[in-house]
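Subject: Structure handover

Hello,

Here is the structure for your files. My notes on it follow below.

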Amino acid sequence: MLRGSCPCGGVTVTVARRPDYLNSCNCSLCFRLGTLWGYFSPAEVEIEGTTKSFVRKDIDPVCLSVPFCPGCGATLGWTAVGEPENPPRMGVNMRLFGPGALLGLPVRFPDGANSDESCPKPPRRHEEVPFQLESPF
């Protein structure tokens, strides 16, 4: 079990396990948020504290809600809006956890900025690397 928090400590996020991998996406949302995503079943994630959400409406159909801490603005993750994924999953901002919790996890670099609906899985920007304390991302 891993427990992380936003910078102000107003919201904590607990996940049941380490994610299988981390995603460093460059789509318009992820790039601006500066996130490093881990993916989980919603049943594996507990968010405690007061949150607000931003619903991404720049893509059609609307598909993501992004909860954040109203105290410090830290992005906590994303959840599906509308048609749920099968199996259900959500993204958790793994930057809320200490870097030691992420050591050795594979980091993938999907090219979300250059993908579209015709491509169900974005191409890679470059090869996967293990997360390290001196990682340049």
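Which residue lies over the face of Tyr21? Arg108 does, at 3.7 Å from the ring centre. A charge counts as sitting over a ring if NZ of Lys or CZ of Arg is within 6 Å of the ring centre and within 35 degrees of the ring normal. Tyr39 has an arginine over its face as well: Arg89, at 4.3 Å from the ring centre.

Two notes on conventions. This is a predicted model, in which local features need pLDDT of at least 70 and side-chain atom pairs count only at pLDDT 80 or more, while totals for chains, interfaces and linings use all residues. Numbering starts from 1 along each chain as its sequence is written, and side-chain values use heavy atoms, with hydrogens and water left out.

Aromatic rings

There are two aromatic pairs in the structure. Tyr21 and Tyr39 have ring centres 5.8 Å apart and planes at 50°, so this pair is tilted. It joins distant parts of the chain, 18 residues apart: Tyr21 is in the loop between strand 2 (12-15) and strand 3 (22-23), and Tyr39 is in strand 4 (residues 37-40). Rings of Phe, Tyr and Trp (its six-membered ring) pair if their centres lie within 6.5 Å; planes under 30 degrees apart count as stacked, over 60 as edge-to-face and the rest as tilted. Ring pairs link Tyr21, Tyr39 and Trp78 into a cluster. Tyr39 is buried, at 13% relative accessible area (buried is under 20%, exposed over 50%, partly exposed in between, with a 1.4 Å probe and protein chains only).

Ser65, in strand 7 (residues 64-68), is buried at 11% relative accessibility. Leaving out residues up to four places away in sequence, Ser65 touches Ser53, Phe54, Val55, Gly77, Trp78, Thr79 and Val81; contact means heavy atoms within 4.5 Å. Thr75 sits in the loop between strand 7 and strand 8 (77-80) and is buried too, with a relative accessible area of 10%. With the sequence cut-off of four places again applied, the residues that Thr75 touches include Leu33, Trp37, Phe68 and Leu96.

Whole chain

The chain has one helix and eleven strands, in the order β-β-β-α-β-β-β-β-β-β-β-β from the N terminus. Helices (H or I, at least four residues) and strands (E, at least two) are DSSP runs, numbered from the N terminus. Of the 137 residues, 39% count as buried. The C-alpha trace spans about 40 × 35 × 25 Å along its principal axes.

Regards
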